[in-house]
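Please read the numbered points alongside the sequence and the model.

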Amino acid sequence: MKNIQEILPLYFVAGTQDCRHLGDNPTDNLLSVLKQALEGGITCFQFRDKGKFSLENSPTEQRALAINCRDLCRQYHVPFIVDDNVDLALEIEADGIHVGQSDTPVKTIRARSNKPLIIGWSINRFDEAKIGEEISEIDYFGVGPIFPTLSKENPSPTLGMEFIQTLRNGGITKPLVAIGGIKLEHVKTLRKYGADGVAVITAITQANNIKAATQALKEDSNTRKS
């Protein structure tokens, strides 16, 4: 498995609900976007297929799509992460799982897996980061939303880019991925403030040229942290 910091610079998150503007076949839409993003240089992919317009109510179809996404990621040697759905992640041997504060406890996830598994944990407050800093099972924090986002129906309060700096100045050492409304013009600043990477959805899925947009994000995400 790659070093955690190596997989975080450009972390792509998407599901069928994020690609419905591209046509009537949600499965083909996501696979097409993912392939172009992989060609453009994403360093990690999170399969987050949930909410309105997703395949959440079609588990067989969703599982088949997850496997296709996993296989595509493997062709490009890019880690494949599943959001929230621990059973699916373990069943299809995903490289990792990302969970929120109210999802399956990370210690439970680690105990259920007999293979190396990347575990990410979402945080929105400094006290959550302090708690997570002491939990060895957590490999990285997903920090957000940094800016307003439409990808969640009930998002947590926005944090602003300076929150990354606040975490670092407060002694948080675990790898950080900033997420939530992030665009190309924010990437260099977030990296300089101490983020190990940025997680994006619409900056890739809504791009006119997905591969070119991904390449531009990748270039800026390689900016070294201060």
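How many disulfides does the count come to by this rule, in which a disulfide is a pair of cysteine sulfur atoms within 2.5 Å?

1. The count comes to 0 disulfides. This is a predicted model, in which local features need pLDDT of at least 70 and side-chain atom pairs count only at pLDDT 80 or more, while totals for chains, interfaces and linings use all residues. Residues are numbered from 1 along each chain as its sequence is written, and side-chain values use heavy atoms, with hydrogens and water left out.

2. Two cysteines illustrate the point. Cys69 takes part in no disulfide, and the nearest cysteine sulfur, that of Cys73, lies 6.7 Å away. Seen from Cys73, the closest cysteine sulfur is that of Cys69, and the 6.7 Å between them is too far for a bond. Cys69 is buried (under 20% relative accessible area; exposed is over 50%, and partly exposed in between, with a 1.4 Å probe and protein chains only), because its relative accessibility is 0%. Cys73 is likewise buried, at 0%.

3. The largest nonpolar core contains 61 residues, and those with the most contacts inside it are Phe45 and Phe80. Such a core is a set of buried Ala, Val, Leu, Ile, Met, Phe, Trp, Tyr and Cys residues joined through side-chain atoms within 4.5 Å. A second, separate core has 12 residues, including Leu8, Cys44, Val177 and Ala199.

4. Contact means heavy atoms within 4.5 Å. Neighbours within four places in sequence aside, Phe80 has among its contacts Phe45, Phe47, Ile92 and both cysteines of point 2, Cys69 and Cys73. Arg70 and Asp95 are also in contact with Phe80.

5. Helices here are DSSP runs of H or I with at least four residues, numbered from the N terminus. Helix 8 (residues 184-193) packs with helix 10 (residues 210-221) at an angle of about 20°, their axes being 8 Å apart. The axes are lines fitted to C-alpha atoms over the stretch in contact, with angles from 0 to 180 degrees between N-to-C directions. Helix 8 is therefore roughly parallel to helix 10, a term for angles under 35 degrees. On the helix 8 side the contact is made by Leu184, Val187, Lys188 and Arg191, and on the helix 10 side by Ala216, Leu217, Asp220 and Ser221.

6. Pro26 is found in helix 2 (residues 26-40). Pro26 is partly exposed, with a relative accessible area of 26%. Beyond residues up to four places away in sequence, Pro26 touches Thr16 and Leu55.

Key
Disulfide = S-S within 2.5 Å. Helix = DSSP H or I, 4+ residues; strand = E, 2+ residues; numbered from the N terminus. Parallel < 35°, antiparallel > 145°, perpendicular 65-115°, else oblique.
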